[in-house]
Amino acid sequence: MNGRIVYIASNTFREAVRDRVLYNLIAFALLMSGAAILVGQISIGIEHLVVVNLGLTAVSLFGVVIAIFIGIGLVSKEIDKRTLYTVLSRPVRRWEFIVGKFFGLAGTLVVNTFFMALGVFAALLYVSHHFHLSDGWVLVALYFIILQFLIITALALLFSSFSSPLLSAVFAFALFVIGTFSEDLRGFAGMTHGLTRWLATGAAYLVPNFSALNVISSVAHEQPVPGQLILSNTAYALVYASMALCGAVLIFERRNLK
Amino acid sequence: MTAIDILGLEKTYSVGFWRKKPKTALHPLHLRVEEGEIFGFLGPNGAGKTTTLKMLMGLVYPTAGSARILDMEINDPRMKAQIGFLPEQPYFYDYLTAVELLDYYGQLSGVAPKERSRKVREVLERVGLADVIRVQLRKFSKGMLQRVGIAQAILHDPRIVFFDEPMSGLDPMGRREVRDLMEQLKHEGKTVFFSTHILSDAEALCDRVAIIHLGELRSVGAVVDLTSSIEGNVELVWHGNKIPAAMNALGADCHVTGDTVRAVLLEGNQEAALEALRREQLRIISLIPVRTSLEEYFVRKLQPSKAVAGVTR
Amino acid sequence: MKPSLRTTVTAAILLLSCLAGSVLLLRSIDRQRSGATLDEVLYISSPKLLKHLSLGYDGLLADIYWTRVVQYFGDKLDKGAEHYDLLAPLLEITTTLDPHLLVAYEYGSNFLAANGGQPERAIELVEFGIRNNPSEWRLYYDLGFIYYLEFKDYAKASESFLRGSRVPDAHPFLKVLAAQMAERGGDIQTARLLWTTTFQTTKDRDIRGNAAAHLRALQVDEDITILEKLVAHYRDKTGHLPQSFSDLEAANLMRGTPVDPVGHTYKLMPDGHVQVRVPDDLPFIQKGTPPGYVAPKPKFKPVD
């Protein structure tokens with residue numbers, strides 16, 4: 001059983017690679033080198049800050065775009081193209097298919113982020129000439145970004161299991177934006193009354209909490225990230241992604257393939 | 001053992017936006033297929049053949065009824081390991097090569113890692129694709145894809161194979177090869193369940209057939225029993241190009257070619273036909289019985305008023 | 001041949017427990033991070049850059065920052081904080097993103113001046129607002145108010161009211177206020193006029209409540225001044241201090257028992273001073289508090 005999940009995951013990875021997704025690394029490399037060189041030449045005292053801010057923001061945005069664009073098709077494309085017929089007629093359970101797809105895309109994003117991390121640190125080395133101890137926090141920020149990817153991937157997969165690619169992309173993107181302001185949403189919900197309060201609070205807790213996973217600007221200012229927060233965020237990302245995956249499994253289990 | 005046991009399998013869709021009208025794709029179907037036979041599932045397009053197959057594969061859930069394959073549940077992975085499925089006009093991951101695809105499917109079907117590469121090579125040779133194993137599937141023609149489809153269906157040595165329109169997209173050579181393959185599978189002790197609207201193939205291959213039309217099962221039985229159950233035809237050939245009026249009254253199917261006329265009519269009407277020709281003093285060339293084909297049975301069995309499109313010889 | 005029951009039940013249970021788990025974790029994370037998002041405001045060295053980065057959605061972002069201001073202020077107020085360090089940066093960002101967000105100037109300057117203890121920055125804020133919204137008479141009014149209340153600079157207050165009065169559609173009282181402020185800035189009548197104007201022209205409950213409280217305080221100050229004058233008069237007449245207000249009544253100096261605007265009777269102290277019975281109910285009063293009394297931080301009271 002676990003073997004099949006691994007096989008599905010590696011095939012999903014292979015599909016992403018052959019879809020030329022990793023070419024985005026070229027664009028990223030160009031962006032980082034351009035920025036590093038530009039900032040290094042101007043030398044206005046904030047090179048380190050700019051490289052970290054720009055680098056991490058780019059990693060996050062590139063990754064979210066990839067997660068959404070590939071994620072929305074993970075299930076719907078296979079149903080539309082009917083490639084699922086010969087897969088599901090084999091001893092593969094429907095939930096194994098969902099889980100395998102998830103790990104395939106998540107794995108792709110981790111690999112992608114790894115190469116981007118190399119790029120960020122290379123740029124940092126270029127502008128600062130050596131590493132500071134505080135650059136370790138950049139790794140934590142990258143880890144949090146990967147946790148964001150897990151959540152977005154699971155959500156895109158959830159939408160893909162019942163919705164068309166266009167709608168899925170819109171939903172996923174909307175949730176990403178709203179999730180970035182989820183702390184504000186919870187604060188706002190606390191200021192309302194009555195039925196609105198119930199609805200707003202419900203929504204505020206359902207929306208993925210990306211605010212806590214975005215430590216880019218504090219890491220850029222070499223602020224440490226509390227260990228407790230790392231643990232809590234990890235647990236939250238795993239729990240939230242699992243929740244979305246369960247939803248996908250429940251929906252997909254019931255689908256009549258056309 | 002009963003290979004396939006279908007008990008009242010039914011599928012109804014609700015169509016329409018406001019007032020949902022139910023549309024029945026498959027009326028309750030009862031059918032049994034024994035192990036080791038080649039079973040043909042026949043009917044025109046839209047009869048419900050593919051719907052039945054999709055339900056047997058667990059791709060679509062029935063509205064009512066159930067089925068068991070090799071006396072196991074439809075969603076039982078142990079059962080799925082012993083069946084192979086070729087869908088109609090199959091689609092595969094086009095970014096993979098034939099070898100990669102079959103290797104992946106082999107992984108999913110639980111073929112042991114040690115044997116996988118050997119089995120993949122063997123099956124690709126068997127379907128005649130040995131030369132193109134490293135080409136990406138997006139470059140394959142329809143016929144080549146069909147062969148890949150057959151390959152993936154038999155790769156893991158299943159006990160039963162399900163083919164949905166296996167001849168589609170193949171040229172006559174290809175169709176011959178597939179027919180031979182299906183015979184071989186039977187010799188290997190496998191059960192073959194295939195759906196088609198090409199009756200001559202079914203006639204040549206099948207031990208038993210089921211005929212389905214507009215979602216309803218019309219008849220089941222051995223080909224020979226079915227065809228002998230209806231009255232045979234005779235072919236009458238005579239000189240000249242005159243067709244006596246009586247011929248049309250007898251419902252004869254007449255064709256004029258040069259200076260001979262060829263007519264096909266029911267055996268029971270042959271005396272009246274001969275009488276009509278003698279009266280007109282037309283010279284008879286031959287009178288021979290025509291073997292009743294499955295097509296004949298098919299056309300007679302299914303009401304002529306309803307569309308029987310898609311039936312070919 | 002139905003969807004697998006085992007899968008459905010397992011997934012459903014897992015989903016619900018993950019939902020519960022995520023809610024609990026969220027609360028924990030929010031506690032750990034309380035204020036962290038706002039602290040990051042300090043890292044935004046250039047609000048103009050933020051405006052450019054918001055890609056034309058600066059209006060929405062300004063609204064979000066404004067809700068953050070209100071929440072920040074509310075939280076700090078509840079905790080009885082002394083310092084409101086992030087208030088000024090937050091307001092700067094909000095108004096850079098949307099220079100026409102009038103409520104940010106009106107409330108924001110109030111928060112900064114009254115509670116935040118940064119009246120100079122409040123002036124800067126409102127002046128910025130005036131530069132970007134020169135025909136909003138309310139902003140000049142707010143500016144004048146800050147000069148009057150926090151700096152007691154009646155000249156500047158008058159000047160602000162005058163500037164405002166020249167704006168088309170300005171409230172007619174601005175001219176009157178300008179004149180009054182110029183002549184008799186320190187008078188109670190001026191103050192009463194100001195607060196009455198505020199009370200009548202604003203629709204906001206909190207601001208009206210605040211104005212009402214100030215008017216009550218003015219009433220108290222006036223009452224106590226008069227009462228203490230009567231006590232002095234009595235002492236002059238009889239040679240000793242009255243024991244209670246009935247003494248004053250007996251001496252035909254007043255009728256009935258004096259009552260403060262919230263309904264409590266005034267207290268006549270043995271030394272001749274008059275005090276209010278419940279000082280906490282009457283914020284902003286200058287007279288009538290017992291010695292050593294520390295007023296609680298001003299809060300807005302609902303309109304009565």
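This is a predicted model: local features need pLDDT of at least 70, side-chain atom pairs count only at pLDDT 80 or more; totals for chains, interfaces and linings use all residues.

On naming, residues are numbered from 1 along each chain as its sequence is written, and chains are lettered from A and ligands numbered from 1 in the order in which they are written.

That pair belongs to strand E1 (residues 2-15) of chain B and E2(B), which run antiparallel and are joined by eleven bridges. When I say strand or helix, I mean a DSSP run, of at least two residues for strands (E) and at least four for helices (H or I), numbered from the N terminus; two strands pair if DSSP finds at least two bridges between them. The open sheet here has three strands in the order E2-E1-E4 of chain B, with antiparallel pairing. Strand E2 (21-34) and strand E4 (64-69) of chain B are at the edges, and each has a single partner strand, so one side of each has no neighbour in the sheet.

Now for chain B as a whole. It holds eleven helices and 13 strands, and its C-alpha atoms fill a box of roughly 80 × 50 × 40 Å along the principal axes. Of its 313 residues, 38% are buried, where buried means that 20 or more other C-beta atoms, placed from the backbone, lie within 10 Å of the residue's own, against 12 or fewer for exposed, with partly exposed in between. The chain is divided into domain 1 (2-228) and domain 2 (233-291), bounds that come from an automatic or database domain assignment, and the centres of these two domains of chain B, taken over C-alpha atoms, are separated by 43 Å.

Which strand is mostly covered? In chain B, strand E8 (residues 208-213) is, with five of its six residues buried. E8(B) pairs in the parallel sense with strand E3 (residues 38-42) of chain B over four bridges, and within E8(B) the partner of B:Leu42 is B:Ile211. With strand E9 (residues 216-222) of chain B, E8(B) runs antiparallel over six bridges, and B:His213 stands opposite B:Glu216 of E9(B). The hairpin of E8(B) and E9(B) has two residues between the strands, and there B:Leu214 takes a positive phi near 50°.

Finally, I turn to chains A and C. Helix H1 (residues 5-32) of chain C has 28 residues and reaches 40 Å from its first C-alpha to its last, close to the 40 Å expected at 1.5 Å a residue, that expected span being 1.5 Å times one less than the number of residues. Among the buried residues of H1(C) are C:Cys18, C:Ser22 and C:Ile29, and the buried residues of this helix pack against helix H6 (94-128), helix H10 (194-206) and helix H12 (227-254) of chain A. The contact takes 27 residues from chain C and 31 residues from chain A, contact meaning that the C-beta atoms of two residues, placed from the backbone, lie within 7 Å. On the side of chain C that touches chain A, the largest share, 17 residues, comes from H1(C).
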